Amino acid sequence: MMRIWSHRPQVLHLALFFAAYVLGCGFAKALAIVPGTNISIWPPGGLFVATLILSSPYSWPWWVLVGGPAELFSQALWWHSPLPAGLLMYAGNALEAAAGAWLVNRTCRRPVRLENLQEVLAFVVLAAGIAPVISATVGSAALAWDGESAQTFWAAWPLWWIGDATGILIIAPLALVIFQNWRGKAELSAARWIEACVLGLILLAVAALSLSGYLPFAYIIMPPLLWAAVRFEFRGAAVTLILLALITAIFTISGASQFPGDAESQRQKQIMLQLFLAVSALSALIVAALSRQYQQALLTLRESERQLREMIDAVPVNIWCLTREGTPSYFNKRLIDYFGQDVADIQTPGMSRLAATIKAVVHPDDAEALSERLNESLMTGKSFSFRYRLRRYDGIHRWIEGRAEPMRNRDGEIVQWYGLCLDIEDEIRTQGALRAAQDKLARATQVASLSELSASIAHEVNQPLAAIVATSHACRRWLSAEPPNLERAKITLERIIRDANSASDVVSRIRALFSQTGQARSPADMTEVISEVCRLMANELAMRNVHVETELTESLPPTLIDRVQMQQVLVNLIRNAVDALDTTGDGARAIRLRAVLDGDDTIRVEVRDVGAGVKEPERIFEPFFTTKQGGMGMGLAICRSIIESHDGRLWATDNKPRGTTFAFTLPTRARDAA
Amino acid sequence: MKAEDFIVFVVDDDPRMREALSELLESVGWRAIAFGSAGEYLSHQRPNLAACLILDVELPDINGLDVQKQIAHGDHPPIVFLTGHGDIPSSVRAIKHGAVDFLTKPFTEEALLNAIRSAVERDWLARRERAELSIRRQRLASLTPREREVLPLVVSGLLNKQAAAELGISEVTLQIHRRKIMQKMEADSLADLVRIAEKLEIPITHSRRAGST
């Protein structure tokens, strides 16, 4: 009970409900033209159901309490029913409203907005179909029992049922709209207001014409009604239905309608009128619900599309789409920002859009290969993956990893291509730096091994030399002593000879050193070794402004070599050639590398320069012979040792008109095997 | 300088160099002992003579410069370095750490002999210094505890009166102690005593100026 008290509605609402109920009864009375039936459409039913649907069940007793006096007052005013019969009828009405509201609330989501087809159907079937059964049964029984109105139960029941149903179908939606949007702002734009007004006028005109008999039948009202339902959904349908009911009522009351007539046909027409209104209301409500559902779906779709697009623009990846034929159809915002222009709009006469786009944004060196790969993918449907350079808005080309996958429909046909571009510039740079560092390291190792070798040779020669000097001084002292110590002088002289011999042994020891490393040899292609050395020395050569021409016979037979030693020989010969170029101030700064097959089983490699040439082509191979300042004179001697340890020959010849050619031969593996 | 006066140690891993150096030094009339490694030299019982160490930089067991660092705090003879390929940074480092010379092989006889001479001379002076110091230490040790208290006060320049007051003894007694100290330390004058005290690192603890300690 406390709950019921605490849920009491505002007095104003109750008063308005009372007034509306009485007005509804008056409207019903005005339409009750069939003699003896007293009622046709029953608007209070709709009002009652809508009120209860929207209010809490605990407040229902209050509405029922207020509805009772309103109906009894109306009955006393218009129908003059006896009090018991009136009470019984009201009980039926109240029961109908409560049952309808309860069923609808149970079935639909709260608050009830009748926004989808399911809710509308539930409302129509439960509130407008089943609930009136109660009131029709109770009301018809009351009428039959009353006896005064001379109506049989079975004659009154259908009219009662259809009257209530129509009342609920027409009034309840409107009531729901009004109750729910009482405080909400009208969200209609000016254009929509104009449309609403035009629609209202058309509806009025059509209704007036059709109901006054100028148009052949009343259903001509359907198009404007459905238009309202489609465009203005539930609200449009509700308002239009009320308008329609009002027009019908006015015409019926004024007798201008096609419905009035003799008693039996009037009864028939009454039913027709009610059916007409009921069918109109049903159609309008269903169409409104469908329209609402459609709009909702559209909104949801747009929202999800917007979210998807935002996501696509937000992810740190450049995304693009191609049509099945390869026409660019979409670039995400990030990609457009990257280009600094919307490349999708690029058009060049005589070129496909794809080709024009590629020409505009891809590095010229990569464009052809990219087109080829992309077209291949478009033809075959294979995934596309390629690395290329893409021009940024500031004109800088950055390395991109481009990938694309086709999207296929259910039949496996390609519908569209989705692609993305990943910026891999930094990665490429890092790789480049790494490779450069590796090259540098390799070069340093080679340079170090030769200079280390030189240092160790220097030490090897210096040590006996120092001993010789010191011993020579001792020898002189023994000889110049008084008396000369010939015995000791002889010993020292022998030591001097011994140490001098050991110094001259150094070179033969170097030879021995190189021939000892024979086990490190593996078959290799000299062309490859030469290319490798050129790569290693590329920086140095570029720095010294020297151009290298190569004439390398492809697929030379393999030779068994110590790769590192062979690299050292080549580095040494190339450096000598470059140094030789420095001795002449003019002429082309070019050296020429040749690797050819000399006979069946010999490979011949030449390093040719256009320097000043050498005066003594044989002496330069002697240890410690050097023409360079600061040179050790060991480079060519070591080179010759290495080549000879490979069973080859190294020599130098003068070029005409100038320069020197250093050439060496190496046996091929075939000869080794023979 | 006589042959018995000093000895030359040679450390070189190359036997030819060891032989040549020994031969040369012998021909000059000097005594030389040669070692193949730093370890051999260090484990050798050195005679109590002025000496010089000829050290090859490139040794098999350890770098010559590191040997120099290791023996810096022992009573080792001055070092003359020999190297196959001398570079400026290592020669600077060697000289800075007290090496007499840094010779690049092959070197002239003159350069080597001069370097050895100056090294030996330096060692001889150092040895004399060390010997004097040890005698003085012995003399210092012969002082009585009271005399050892008086010595710092006297060499600090305090008047007899002040020193006596400091120790709470009469001026006459202090004068007796002072005379004893002069005798025992074999100092000719107060100035001589002060010099000796300085070498023995006796701290100057007092000042004649009144008010400060």
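## Contact between the chains

In this predicted model, 18 residues of chain A are in contact with 15 residues of chain B. On the side of chain A that touches chain B, the elements that give two or more residues are α14 and α15 of chain A, and α14(A) gives the most, with 15 residues. By type, the residues of this side of chain A divide into nine nonpolar, six polar and three charged.

## Strand β1 of chain A and its partners

Strand β1 of chain A, residues 318–323, has a covered face made of A:Asn318, A:Trp320 and A:Leu322, whereas A:Ile319, A:Cys321 and A:Thr323 form the uncovered one. The strand pairs in the antiparallel sense with β5 of chain A, residues 414–423, over six bridges, and within β5(A) it is A:Leu420 that stands opposite A:Ile319.

β1(A) also runs antiparallel to strand β2 of chain A, residues 328–331, to which three bridges join it; here the bridge partner of A:Cys321 is A:Tyr330 in β2(A). The hairpin of β1(A) and β2(A) has four residues between the strands, and in this hairpin A:Gly326 takes a positive phi near 105°.

## Helix α13 of chain A

The buried residues in α13(A) are A:Asp366, A:Leu370, A:Leu374, A:Ser377 and A:Leu378. An α-helix has 3.6 residues a turn, so residues three or four places apart point the same way.

What covers the buried residues of α13(A) includes α12 (353–361), β3 (384–391) and β4 (397–408) of chain A. After the helix comes A:Gly381, whose phi is positive, near 80°.

## A helix pair in chain B

In chain B, helix α6 (residues 145–155) packs against helix α8 (residues 171–184) at an angle of about 90°, with the axes 10 Å apart, and the two helices are therefore roughly perpendicular to each other. The contact is made on the α6(B) side by B:Arg146, B:Glu147, B:Val150, B:Leu151 and B:Val154, and on the α8(B) side by B:Leu174, B:His177, B:Arg178, B:Lys180 and B:Ile181. These contact residues divide into five nonpolar, one polar and four charged.

## Backbone features in both chains

Most residues other than glycine have a negative phi, and most peptide bonds are trans. A cis peptide bond joins A:Glu482 and A:Pro483, with omega about -10°, and A:Pro483 is found in the loop between α14 (425–480) and α15 (486–516) of chain A. In chain B, a cis peptide bond with omega about -10° joins B:Lys105 and B:Pro106, and B:Pro106 has its place in the loop between β5 (101–104) and α5 (109–141) of that chain.

A positive phi, near 65°, is found at A:Asp647, a residue other than glycine, which lies in the loop between α18 (635–645) and β11 (649–654) of chain A; with 13 C-beta neighbours inside 10 Å, A:Asp647 counts as partly exposed. B:Glu201, in the segment after α9 (190–199) of chain B, has a positive phi near 60°, and B:Glu201 is exposed, with 7 other C-beta atoms within 10 Å.

How values were computed: Residues are numbered from 1 along each chain as its sequence is written. Chains are lettered from A and ligands numbered from 1 in the order in which they are written. This is a predicted model: local features need pLDDT of at least 70, side-chain atom pairs count only at pLDDT 80 or more; totals for chains, interfaces and linings use all residues. A residue is buried if 20 or more other C-beta atoms lie within 10 Å of its own, exposed if 12 or fewer, and partly exposed in between; C-beta atoms are placed from the backbone. Axes are lines fitted to C-alpha atoms, for helices over the stretch in contact, and angles run from 0 to 180 degrees between N-to-C directions. Angles under 35 degrees count as roughly parallel, over 145 as roughly antiparallel, 65 to 115 as roughly perpendicular and the rest as oblique. Two residues are in contact if their C-beta atoms, placed from the backbone, lie within 7 Å. Ala, Val, Leu, Ile, Met, Phe, Trp, Tyr, Cys and Pro count as nonpolar, Asp, Glu, Lys and Arg as charged, and the others, Gly among them, as polar. Two strands pair if DSSP finds at least two bridges between them.
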